[in-house]
Amino acid sequence: MYTLPNKLKLFAIIFMVVGALGILTGFLTTPGSTAEVKEMMASHGDGHGETHSVAAVDTDESHAVNAEHNGGHDENAADSEEEHLKHTLHQMQNRPWSALYIAAFFFFMIALGTLAFYAIQWASQAGWSPVLYRVMEAITAYLVPGGIIMFVLLALSGFHINHLFVWADPDVVAHDKLLQGKAGWLNGTAVLIRAAIFLGGWMLYRHFAVKFSRKSDETTDNKWFKKSFKISAGFLVFFIYTESIMSWDWLMSFDPHWFSTLFGWYVFAGMMVCAFTVIAMITIYLKSKGYLEFVNNSHIHDMGKWMFAFSIFWTYLWFSQFMLIWYANIPEEVTYFVTRIEDFKLPFFGMLAMNFVFPVLLLMNSDYKRVNWFVILTGIVILAGHYIDVYLMVTPGTVGTSWYIGIPEIGSLLFFFGLFVFVVFSALTKAPLLVKNNPFVKESKNYHY
Amino acid sequence: MASKVIHAIYTDDDILMQAVKQVRSEHYHIDEVYTPFPVHGLDKAMGLADTRIAITSFLYGLVGLTVATVMMNYIMIQDWPQDIGGKPSFSYIENMPAFVPIMFEMTVFFAAHLMVITFYMRSKLWPFKKAENPDVRTTDDHFLMVVDTGNHDIEKLSKFLHDTGALEISLIENEEDH
């Protein structure tokens, strides 16, 4: 059995407190009126004013996209100044919400990806991974609090308590033919009902999978194993539909004028990479503390292979989406990437280096995948890269050109990191770290590659 | 100088593996082992060095990537930068997404084919090559270990090999030197 060290508990709580302070600061420093925005802009000095006017020209495209914010106003010279300030005000007010949403989703998707991987291991009757099942079960424990937080955030945005989703704003929809056409799908009630179904289904599977796995420890026959196998296979069917729809509702609808067919897969690939990385990192951590003596470096090697392969898979989907849109250059599709390349150049291409070049070069060598600190180092870069990936799916549609990675973003990240560590490591104490009576556990303990 | 070797035949890969370990621990020299199929872990038991073919493959891949990049940069950007369907051909980077499929395929092509050819050359395999098979049964269900007699006592060595589970032991005079 694993006991939660007090140090780790304290560590998680400090992160949560510091993070909560950061989130609070983010909300308190948001300007309340256009006058404050003007003041903030002026106080930044001449240098900024100059770059700002350049940025204003550059972002014509994004203005056109976000024109519905202002009810499709004509850009008259007289009120364009006031319009611009109003636009910036909305962006700045969105920033702390957006930061919160990104971090909440980022940690939630790690738990969800782990759940999917866990189900795949059961359904495929994997012989190498049963020694890691308890680590995976613990990571998926975050699904419940993380899912509830996501639901609350969606409810707040879906009913226009904040301005994250433009489709939730009745004023905007009233002036936007496209959004009216999509209103049957994209409205607060429908999104929440779907979210409830997805989260309910995932949590239900998580509940029973863990329950069956624990029950299996006490029996000698394969009854619970067979049950786990069946619900895992069923869950995977449910998951692939709901994951896809979830990605449209929770991420793609930040840019409701834009759509992409492979978006669901793209989000899936990113979440799986993060899940593998976190499984590998927690396994290495627990092993270094002497809790997983039955895990050998072949298991780490396999997790390294997953990280490597899915990093490439993620890049393949990223590039497929990008290249098809870039090549055809159809205006209503391409604005998505135009805003990202023009306003987010460094994070946009930087994440490509972090999520592709880095893992490919570092994890290609078979021996390196067995070296713990190599896996940890690559894992940190991959996780940071995929945080930026989620950031880039959300921020351009909410904060736009007023983006910056500062106190609200880091605060949210720290808060959810603390919560994640707390929940996951508390869950680890609930059951022995090695499953018993799993028909594959002996093979898994002797696994050697 | 004609050297003498002993051919020891086994019929089970587990016994063969044991025998290889025993022979090595007695410091006899194994020239070669012939098996009908890959025996997992045999290379480790024999103490063979790891293959470096993956490293060559990586380098060949880099060559392929370079060839693709240089080729398309010359053709599409330097030599005749036409406007084809509005694609920007002012610099390589501007039009790069269109080149990526070729860069990828060329990398894979070079890495795969050159690695295979390297494998053939290093293993000395080609059409019309004379098969080097000391006993035809080794392609079906027998395993053959070739042990160098060196300066060892042949009687003692044969006895030892027999004890490791060899079914047939024969002394062969090697005509060609190596």
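Let's start at B:Lys124, which counts as partly exposed because its relative accessibility is 49%, between the 20% and 50% cut-offs. This is a predicted model, and in it B:Lys124 has a positive phi of about 55° although it is not a glycine. Most residues other than glycine have a negative phi. You will find B:Lys124 in the loop between helix H4 (96-123) and strand E3 (143-148) of chain B.

A:Asn329 sits in the loop between helix H13 (297-328) and helix H14 (331-343) of chain A, and at 48% relative accessibility it counts as partly exposed.

The mean pLDDT of chain A is 90, and 92% of its residues reach 70 or more. Over residues 46-75 of chain A, however, the pLDDT is below 50, and this stretch has 30 contacts in the model beyond near neighbours in sequence.

Now let's turn to where the two chains meet. The contact takes 7 residues from chain A and 9 residues from chain B. Together the chains bury about 640 Å², with 83% of that area on carbon and sulfur atoms. On the chain A side, A:Phe319, A:Trp326 and A:Tyr327 supply 66% of the area buried against chain B, more than any other three residues. Helix H13 of chain A gives the largest share of the side that touches chain B, with 5 residues. The residues on that side of chain A divide into 7 nonpolar, no polar and no charged. Across this interface there are 0 salt bridges, and the count of residue pairs in polar contact is 1.

Next, step inside chain A. A:Ser247 lies in helix H11 (residues 223-250) and counts as buried, because its relative accessibility is 0%. Leaving aside its neighbours within four places in sequence, A:Ser247 is in contact with A:Met252, A:Phe263, A:Gly264 and A:Val267.

A:Val295 is found in the loop between helix H12 (263-288) and H13 of chain A, and it is buried, with a relative accessible area of 1%. The C-alpha atoms of A:Val295 and A:Val131 are separated by 6.7 Å, although the two residues are 164 residues apart along the chain. Apart from neighbours within four places in sequence, A:Val295 touches several residues, including A:Val131, A:Leu132 and A:Ile300.

Finally, the salt bridges. Side chains of opposite charge can pair when their charged atoms come close. The count comes to 12 salt bridges over all chains. In one of them, A:Asp255 pairs with A:Arg340, the closest N and O atoms being 3.4 Å apart. A:Asp255 lies in the loop between H11 and H12 and A:Arg340 in helix H14, so the pair ties together parts that are 85 residues apart in sequence. Both A:Asp255 and A:Arg340 are buried.

A:Asp302 and A:Lys305 form another salt bridge, at 3.3 Å between the closest N and O atoms. These two are separated by about one helical turn, because they are 3 residues apart in helix H13 of chain A. A:Asp302 is buried at 8% relative accessible area, whereas A:Lys305 is partly exposed at 29%.

In chain B, the side chains of B:Glu168 and B:Arg137 meet in a salt bridge (2.8 Å, N to O). B:Glu168 is in strand E4 (residues 168-174) and B:Arg137 is in the loop between H4 and E3, 31 residues apart.

Terms used:
Residues numbered from 1 in each chain as written. Chains lettered and ligands numbered in written order. Predicted model: local features only at pLDDT ≥ 70, side-chain atom pairs only at ≥ 80, totals over all residues. Heavy atoms only, no water. pLDDT = per-residue confidence, 0-100. Contact = heavy atoms within 4.5 Å. Helix = DSSP H or I, 4+ residues; strand = E, 2+ residues; numbered from the N terminus. Buried < 20%, exposed > 50% of the residue type's maximum accessible area, 1.4 Å probe, protein only. Buried area = accessible area lost by both parts, 1.4 Å probe. Salt bridge = Lys/Arg side-chain N within 4 Å of Asp/Glu carboxyl O. Polar contact = N/O pair within 3.5 Å; in protein donor to acceptor, adjacent residues only side chain to side chain. Nonpolar A, V, L, I, M, F, W, Y, C, P; charged D, E, K, R; others polar.
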